[in-house]
Amino acid sequence: MIGHPAAPPPERGLFCNRTLNLRAIKAIGYDMDYTLIHYKVEVWEQRAYEHMRDRLVAQGWPVAHLRFDPALAMRGLIIDTDKGNLLKANRFGIVKKALHGTRPLSFEAQRDEYVHTLVDLHERRWVFLNTLFSLSEACLYAQVVDLLDEGKLGGPMGYNDLYEHVRRSLDATHMEGALKAEIIADPARYVQQDPDTALALLDQKNAGKKLLLITNSEWAYTLPMMHAAFDPYLPPGMTWRELFDVVIVSARKPEFFTSRASLFEVVTVEGQEGLLRPHTGPLKPGVPYFGGSAIEVERSLRMSGDEILYVGDHMFGDVHVSKNELRWRTALILRELEDEVRAISAFRATEARLAERMEQKERLEAEACQVRLELQRRRLGYTARDESLPGDEQLHARAAELRAQQEALDVELGPMARAASELSNPLWGLLTRAGNDKSHLARQVERYADIYTSRVSNFLFATPFVYLRSPRGSLPHDPTLPGGTPVFPTSPQGGEGGAP
């Protein structure tokens, strides 16, 4: 008898926001870049950065000396194009950390800039870093903001203008083909192979699910990259073309999910660019298509809504829009999650000490507040004096003692709190946290991704028949952690804290 499969490492889990019965899913769609194919982030983003920088150099910009800094940006940050700042916000849109260019803003400067401002991604001013492809763009933008502030860029230009220049350079880099030609020529340099991905998809296909490839990449790039990533790990004689029931390239997501663009069949010879001819009617297996729309896919498959699961890495273009517009089930790929979970695990002992000291601090604060209130009542005389309490001199002495104890605790807490804020990234900390709260990215994940995981091959740990159940949601008043500071802090003896 076969028992439970081996539990995955914690960082390879499938994390469930909304209960998902995979048995009820009839079709699974996949993005390609950073989803089915994972790139070596620093290698890819450095070359993308260099292509963008060199385009600016060719236009006369004094940026040839700039170098890609992989620690400067992370997915989930927000560019404030009005002020030239790179931000991390919490789930409420409150800015928790900011860089102006590459320089951290002081607490006072950050407060002055954003005390009356909440990040609302519907406003054009904000640019959310939805994907790992955004890292090179954010890094270069931050660096040229420094040059603009130093007066080294000619002509009248604001931070918005600057962002538009960088964005156009990025778009041109992706469209002109030179970078993709380098990757096609040497995929081993850029691609982090995961042989188990092919097996995960074979399991799903043979369990009766239709598999869809829906990518914004063009056919001339998709064809060799999918060959390199999948064919060596499929059964003999099988290619990736036989794995997928529907293949759509140049999909133009997110518009693919919201519009009804024309659909074309790619008429191609292996390895060549291919021609396009208009297509009507059902989609044919083994035939690659160009453009089209999600509505057309639903019509051809005779499926819709929660019968389809879409898996992608782009927070907006893959997950948000497919969920919002079509009510497809959604899975977000967050490769950085593996480093994050490992970092949290390694910090667990320090986290326990930090929590213990914070409980002590909260008890001291609660008592200090009661002492202060009693002294206030006595000074202003608006309540009857409680003779069972210590005298004024003793209360003042106790207040001083409590302040000293809190200051000593703060000295101990400081390094641990700083270490907690720098996990994974010394500038920005954890992907999913902003201070002690969820990050803006975490809120997006929670709202739009039914499940999230670090890579497609993690489906192997669950099988195509799994019933994924979301955990019970927690609120600050719930009896289990996490919770906020309780209204009635627990005293060391286990009773409720009260007046001293």
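## Charges over rings

A charge is taken to sit over a ring if NZ of Lys or CZ of Arg is within 6 Å of the ring centre and within 35 degrees of the ring normal. In this predicted model, local features need pLDDT of at least 70 and side-chain atom pairs count only at pLDDT 80 or more, while totals for chains, interfaces and linings use all residues. Residues are numbered from 1 along each chain as its sequence is written, and side-chain values use heavy atoms, with hydrogens and water left out.

By that criterion Lys180 lies over the face of Tyr221, at 5.0 Å from the ring centre. The charged end of Arg241 is placed over the ring of Trp240, 6.0 Å from its centre.

## Overall architecture

The protein chain contains 16 helices and 21 strands, where helices (H or I, at least four residues) and strands (E, at least two) are DSSP runs numbered from the N terminus. Its C-alpha trace spans about 95 × 70 × 35 Å along the principal axes. Of the 500 residues in the chain, 47% are buried; buried means under 20% relative accessible area, exposed over 50%, and partly exposed in between, with a 1.4 Å probe and protein chains only.

## Helix packing

Angles under 35 degrees count as roughly parallel, over 145 as roughly antiparallel, 65 to 115 as roughly perpendicular and the rest as oblique.

The axes of helix 14 (residues 348-380) and helix 15 (residues 392-421) come within 9 Å and cross at roughly 155 degrees, which makes helix 14 roughly antiparallel to helix 15. The contact of helix 14 with helix 15 has 14 nonpolar, 5 polar and 11 charged residues, with Ala, Val, Leu, Ile, Met, Phe, Trp, Tyr, Cys and Pro counted as nonpolar, Asp, Glu, Lys and Arg as charged, and the others, Gly among them, as polar.

## Aromatic pairs

The structure holds 15 aromatic pairs, a pair being rings of Phe, Tyr and Trp (its six-membered ring) whose centres lie within 6.5 Å, with planes under 30 degrees apart counted as stacked, over 60 as edge-to-face and the rest as tilted. Among them, Phe264 and Phe290 form an edge-to-face pair, 6.2 Å centre to centre with 75 degrees between the planes. Phe264 lies in strand 13 (residues 263-267) and Phe290 in strand 15 (residues 288-291), so the pair ties together parts that are 26 residues apart in sequence. Phe264 is partly exposed at 26% relative accessible area, and Phe290 is partly exposed at 29%.

Tyr310 and Trp328 form a tilted pair, 6.2 Å centre to centre with 50 degrees between the planes. Because Tyr310 lies in strand 16 (residues 308-312) and Trp328 in the loop between helix 12 (315-326) and strand 17 (329-333), this pair ties together parts that are 18 residues apart in sequence. Both Tyr310 and Trp328 are buried. Elsewhere, Tyr34, Tyr39, Trp44 and Phe133 form one aromatic cluster.

## The loop between strand 12 and helix 10

Most residues other than glycine have a negative phi, and most peptide bonds are trans. Ser250, in the loop between strand 12 and helix 10, has a positive phi of about 45 degrees although it is not a glycine, and it is buried at 11% relative accessibility. Arg252 lies in the loop between strand 12 and helix 10, has a positive phi of about 60 degrees, and is partly exposed at 35%.

Pro254 is placed in the loop between strand 12 (246-249) and helix 10 (255-258), and the peptide bond from Lys253 to Pro254 is cis, with omega near 10 degrees. Pro254 and Phe316 are 62 residues apart in sequence but 7.5 Å apart in space, C-alpha to C-alpha; Phe316 lies in helix 12 and is partly exposed at 36% relative accessibility.

Definitions and conventions:
Axes fitted to C-alpha atoms, helices over the stretch in contact; angles between N-to-C directions.
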